[in-house]
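Hi everyone, thanks for coming.

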Amino acid sequence: MGVVQFYPLDIRVQMANQRPVVVLYGRTTTGERVSVMDHDYLPYLYIVPKTQDSAELEQELARFIIKDKDNYCSVLKIEKMSMNFLEKETTVLKAFFNNPFGALAMHDELLKRPDIQGIYEHDVPFVSSYLLDKKIIPGVVTTVEGEMVNVHARVPVIRANSIMQAEDESIKNGKILAFDIETYAPAGKPASPEHDPIVMVSFYSNDFKKTITWKEFATTNPSLEFVNGEFELLMRFKKVIEEFQPDFLIGYTSDVFSFPYLKKRADKYDIKLDLGVDHSNIDVGKTATAIKGIVHVDLYKFVSRILSSKLETDTFRLEEVARELLGEGKKQIDTEHFAAVWDNTPENLEPYCEYNLQDAALIYKLFEKVLPSMFEFVKLTNVELFDMVRGSFSLFVEALLTKESRFWKEIIPPRPTRKEYEERNAYSYQGGFVSEPEPGIYNNIAVYDFASLYPSIISTHNISPGTLRCRCCTEIVPGEEMHFCKKTTGFFPKIVSGLVDRRQRILKILGDTGEKSPEQVSLLYARQEVLKIIANSLYGYFAFPSSRWYNLECAKAVTAYGRHYINSVIEKAKEDFEVLYADTDSVFLKAGGKKLGQSEKFFEELNLALPEKMKLEYEGLYPRGIFIASKAGKGAKKKYALLSEQGFLKIKGLESSRRNFSTLAKNAQEEVLYLILKERKMRKAVEYIRNLIGEVKEQKIPLRKMIIYTQLQKDIARYETIAPHVAVAKKMQQSGFAVGPGSLIQYVVAKGDGSIAERSQLPNEVREYDAAYYIEHQILPSVEKIFEAAGVDLMKALDEKEQSSLSEFI
DNA sequence: GCGGACTGCTTACCT
DNA sequence: ACAGGTAAGCAGTCCGCG
């Protein structure tokens with residue numbers, strides 16, 4: 001008998017004697033690896049009988065059994081109880097059974113019975129269910145009371161008598177190891193795991209730096225280790241991980257690149273990659289690689305899916321992400337000739353080893369930087385870190401709703417069938433309101449926006465599947481036909497209020513002057529950010545075709561109220577101001593000079609009139625701003641630039657904020673905006689463009705500024721039209737590169753004949769870029785509209801030598 | 001057979 | 001695999017032209 005405190009990090013289920021055993025791998029608070037076995041949990045599902053009297057059904061259920069070779073699945077226990085289904089009280093049978101792997105088969109079999117109306121929670125993963133019912137959050141300190149089991153294993157095993165969490169402290173002593181591999185890629189070709197070896201591996205951790213390679217050269221670098229060939233390199237790779245005993249093993253694109261590559265090379269030598277803490281082999285799946293007892297994190301996935309919207313960078317290359325998040329760039333190196341150096345001049349390999357180690361270092365530092373946010377996601381949703389880092393917004397929302405369901409005794413609705421999915425996917429509905437701005441340059445633009453508009457609507461108007469069309473209330477949603485109950489708070493509003501209230505408390509603490517350590521601040525900041533992200537995602541989940549809580553009417557009601565509120569702000573503002581622009585939850589007013597005082601009054605009055613949970617916020621005053629015309633000659637929505645009081649440009653929707661424009665065009669546009677809005681020098685702006693065009697014509701611009709990035713959204717074969725990026729992707733595919741959905745294709749339009757697609761090539765294949773294309777299709781379209789909004793015809797101005805008609809200052 | 005107008009596919013943005 | 005609203009480039013097709 002003993003009590004141990006540990007952090008569970010990887011939670012699995014296995015069968016023993018026809019019963020499930022949950023195994024929690026983790027590390028104790030004293031730093032030892034441990035695995036905890038919990039035999040005390042059974043899977044269950046909820047059965048809704050057709051009739052009140054379910055005695056006969058219960059008797060027959062007790063005898064229910066499905067046999068499959070050596071395994072069986074049978075009902076062990078039935079409890080008749082009351083639960084909520086979509087917020088309505090319902091009498092159900094909770095049927096416990098022995099084998100979680102048989103849940104779906106049981107569901108299908110039982111549903112054939114005429115006396116059963118519905119079966120639920122058969123599609124809730126067993127481990128998730130376990131963690132929720134036992135109130136265990138992955139990675140949080142857990143107290144287990146039990147006995148050491150004497151079995152042959154790499155990790156001590158405790159058989160739990162009881163297991164519980166009393167505190168909410170996340171793991172602090174976790175061992176983090178980042179790694180990166182370097183493969184041999186023949187010039188101009190991708191490395192192929194069938195033919196090309198792994199030539200370097202680097203590891204990085206706090207106080208641990210190592211690069212292993214198999215060509216020796218003279219060096220004094222202590223972190224370098226030479227081995228004799230790839231076989232030995234792979235063996236050392238294993239050994240390093242085995243000895244280091246990481247809890248978190250971090251890679252960058254390691255799910256789809258590093259581990260599949262390592263696996264193929266290891267197979268070649270019959271090396272087992274038995275990195276699991278119980279000697280089990282790594283599980284290299286199609287989309288992810290899992291290692292028993294170690295949390296393998298592919299940081300690329302988290303960065304590209306969850307952090308992407310917060311990042312400026314167009315690509316998610318490690319270097320650029322690191323520069324943005326860590327402020328740390330990479331020492332540049334000529335990677336193109338790596339294979340040649342490896343083959344011919346190994347004495348020059350040292351910089352490549354440093355480069356490889358540097359990647360591992362950046363991966364490590366990035367992980368440390370985002371870890372607080374990751375743990376906050378985990379704590380809020382109960383999703384294991386392994387799943388969390390590969391997750392999406394829908395996963396987080398679903399997990400949160402699942403967790404809250406347990407608390408409010410709600411049955412978790414099933415995932416939709418394929419047919420339901422198709423039906424839902426075909427529907428659309430009206431969203432936010434967007435006004436059309438009048439193109440031009442304006443001074444003193446005051447911007448206001450609603451704080452968390454949709455979440456505040458959900459809680460103010462009690463929008464939830466269970467409050468929809470109640471019998472007691474009648475107030476209709478503006479412009480719609482449905483109504484929601486005003487008396488009983490619904491499931492969704494309860495959750496939203498909880499998230500919003502918690503976030504408000506955190507923001508208050510962050511704003512207080514009290515002493516806080518940098519760690520506390522970053523933790524609190526991460527926590528409020530995660531609360532906001534999830535609150536804002538809840539509305540979209542109503543209309544998400546794969547949603548368990550799909551409800552189109554709720555989604556429609558939210559946007560209808562949204563349009564109602566933004567329009568009421570616009571109407572009120574119009575009494576005293578010119579409303580320049582509005583989009584969904586924000587309004588832009590012309591609030592010049594003496595009108596500023598008036599705008600404060602407007603703002604206060606408006607907020608007083610709003611419901612308690614709704615708030616219009618003052619985002620700021622911008623001394624100057626520009627709205628441009630669309631191609632169709634009207635004011636372009638979602639495209640503008642504002643100049644802040646501090647002199648920064650806030651550019652939205654224009655070419656310079658789009659990745660599928662060349663750096664050349666983006667820089668040109670920013671420069672013109674800067675010269676016109678900030679410096680107010682029109683002649684200078686025209687001259688700038690004139691000079692730039694001259695340089696382009698003379699092929700003076702470096703090729704890298706001509707690169708256009710476009711992402712492939714689907715398999716190459718499925719494209720109906722062959723756009724430039726598709727044409728280039730096809731060529732890449734033919735030379736052996738793995739390109740598919742998600743690949744970011746880069747290309748340069750070269751001089752020559754044919755369509756743009758036909759002339760598009762990979763940057764390193766281009767001899768001469770097509771100057772005319774870059775002038776007419778990149779620079780001019782990006783800047784002409786800006787000059788036009790400023791009242792200048794750029795083409796005319798460029799024609800005139802003296803520009804006598806232009807005044808320098810505007 | 002040619003060139004401009006038009007359409008629809010496609011991507012990436014905004015809130 | 002959260003939602004809808006939006007602009008715009010490019011390929012491909014349509015259409016007029018005795």
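How many residues apart are Lys419 and Glu423 in helix H12? They sit 4 residues apart within residues 418–426, so about one helical turn separates them. Helices here are DSSP runs of H or I with at least four residues, strands are E runs of at least two, and both are numbered from the N terminus.

Quick housekeeping: this is a predicted model, where local features need pLDDT of at least 70, side-chain atom pairs count only at pLDDT 80 or more, and totals for chains, interfaces and linings use all residues. Residues are numbered from 1 along each chain as its sequence is written, chains are lettered from A and ligands numbered from 1 in the order written, and side-chain values use heavy atoms, leaving out hydrogens and water.

Back to our pair. Lys419 and Glu423 form a salt bridge, with their closest N and O atoms 3.5 Å apart. That term means a side-chain nitrogen of Lys or Arg within 4 Å of a carboxyl oxygen of Asp or Glu. Lys419 is exposed at 60% relative accessibility, while Glu423 is partly exposed at 43%. The cut-offs: buried is under 20% relative accessible area, exposed is over 50%, partly exposed is in between (1.4 Å probe, protein chains only).

Next, Lys292 bridges to Asp278, closest N and O atoms 3.7 Å apart. Lys292 is in the loop between strands S17 and S18, and Asp278 in the loop between helix H5 and strand S16, so the pair ties together parts 14 residues apart in sequence.

And the total? The structure holds 44 salt bridges.
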